[in-house]
Amino acid sequence: MSTTVVNTGTEGKTWGGGNRPLNASYGKMMMWFFIVSDALTFSGFLAAYGFSRFKFIDSWPIADEVFTHVPFLHGQELPMIYVAFMTFILIMSSVTMVLAVDAGHHLNKAKVTLYMLLTILGGLIFVGSQAWEWATFIKGDYGAIQTKGGNILQFVDTEGHRVALRDFAVVEPKERTAHDKTNGLWFVEEGTLPSYTVEEVIAGLETHENILVRTQLLDEHGQKTILSREESLKQLKQNGKAVVEGANLHVNEYGSPLFADFFFFITGFHGFHVFSGVVINIIIFFNVILGTYERRKSYEMVEKVGLYWHFVDLVWVFVFTFFYLV
C-alpha cells in the first residue's frame, strides 16, 4: 500500500506548522491566550455589575459618599482623592515596565533592574492601598439602620450632612451578649454585635430634633431622599430592624448590599492579579540580577510579564470607571 503526501505550500509558514505564528514566540502566544481569556472573565464580571447597578439605579450608593477617606487625614472628606492616587501609581508602574522592556531590548541589565524594581514598588503600594481601602470600607464611618425590607436608613442634619450614630445614640447601661451555640439556640449564632441597638438609636433621634432620616432611594435630582422629622421617627420605629456598621457580604451601611458584594469580588479578583504580578515580577527581578537573561542574550521573559502587567493596569481602568466614576 502506498501513501500519497499532498503538499499545500504552507509548510513552515505561519499557520502551516511554523514555530513562530504571528511572528511571536510560543511563550508570548500563550500569554496572549491567557490575557484574552482573562479579559473575557473580567468582562463578564463588569457586565453583571453594570446590569445590577442599572436595575437598582434608584438605590445604588453614590461613590463620592463612600470613598472619601485618605490615610492620616482622619475626619476630612476628600472624595476619590486616594483612589486617584492608587490609579496614578498603577499607571506609572506600567510606564516603568515599558522602560524595563525597552532596556531589555538593548540588553541594558542595569536599567532593566532599576525599572523592574520601580514596577514592583508601584505594585506593592497599590496592593497595600487596596488593603487599606478594604479595611476602611468594612469598618464603615457613620453607621445606619437596616429596615425589615432590607433597605438602609442613614442620618443627616438639617443641612444634609451625614451624622454618625455615635454622635446622637443614647447608650443604655445594660450588657448585651451575642448568641452562639453555647448560650443561645443551637442553630443560631450571631456575629460581632454592633455598637448600638435600634432602641438606642431611636432614643437618640427623639432627643436630637436637628437630625433626620435619609433613605437610600434617589429623588429626581439624583440625591437621596430626606424624610421629615415625623416621617423619620415613624420609619425608624415601624421598620427599624438592625444597626449596620460598615459593609460586608450581607449588609452595607452605604446602600444596596449588592454594591459591597461586587466591590469585594471584583476589586479583590483584580487585587489578586496585581499581587500575583508582583510575585512574578520579583522572581524575574532576581533572575535579572543573577544575569540569567544576560547570558541568554534575550530579555523576552521581561516582555512576557510586561504584557501581563499592562493587562492588569488596563483592567483597573475599567474597574475604576465602573465603580468610582460612573
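**Helices and sheet in a predicted model**

Good morning. At 1.5 Å a residue, the 25 residues of helix α3 (residues 81-105) should span 36 Å, and the end C-alpha atoms of α3 lie 37 Å apart, which agrees. The expected span here is 1.5 Å times one less than the number of residues in the helix. After α3 comes Leu-107, with a positive phi near 55°.

Some remarks on the source. This is a predicted model, in which local features need pLDDT of at least 70 and side-chain atom pairs count only at pLDDT 80 or more, while totals for chains, interfaces and linings use all residues. Residues are numbered from 1 along each chain as its sequence is written, and side-chain values use heavy atoms, with hydrogens and water left out.

The protein has 9 helices and 5 strands. Helices (H or I, at least four residues) and strands (E, at least two) are DSSP runs, numbered from the N terminus. Along the sequence the pattern reads α-α-α-α-β-β-α-β-β-α-β-α-α-α. Of the 326 residues, 43% count as buried, that is, under 20% relative accessible area, with exposed meaning over 50% and partly exposed in between (1.4 Å probe, protein chains only).

I turn to the sheet. In what order do the strands of the open sheet stand? The order is β4-β3-β2-β1-β5, with antiparallel pairing. Two strands pair if DSSP finds at least two bridges between them. The edge strands are β4 (224-226) and β5, each pairing on one side only. Neighbouring strands of this sheet are turned by 40° against each other on average, direction ignored.

Strand β1 (residues 144-147) pairs with strand β5 (residues 240-244) in the antiparallel sense over 4 bridges, and Gln-146 stands opposite Ala-242 in β5. With strand β2 (residues 152-157), β1 pairs over 2 bridges, again antiparallel; Ile-145 has Leu-153 of β2 as its bridge partner. The hairpin of β1 and β2 has 4 residues between the strands, and Gly-150 there takes a positive phi near 95°.

Are the faces of β1 covered or open? Both are covered: Ala-144 and Gln-146 on one side, and Ile-145 and Thr-147 on the other, are all buried.

Next, helix packing. Two packed helices are described by the angle between their axes and the distance between the axes. Axes are lines fitted to C-alpha atoms, for helices over the stretch in contact, and angles run from 0 to 180 degrees between N-to-C directions.

The axes of helix α4 (residues 109-139) and helix α7 (residues 257-290) come within 9 Å and cross at roughly 155°. That makes α4 roughly antiparallel to α7 (angles under 35 degrees count as roughly parallel, over 145 as roughly antiparallel, 65 to 115 as roughly perpendicular and the rest as oblique). By class, this contact has 22 nonpolar, 9 polar and 2 charged residues. Ala, Val, Leu, Ile, Met, Phe, Trp, Tyr, Cys and Pro count as nonpolar, Asp, Glu, Lys and Arg as charged, and the others, Gly among them, as polar.

Helix α9 (residues 300-325) also packs on α7: their axes come within 10 Å and cross at roughly 160°. α7 and α9 are therefore roughly antiparallel to each other. Their contact has 20 nonpolar, 6 polar and no charged residues. Thank you.
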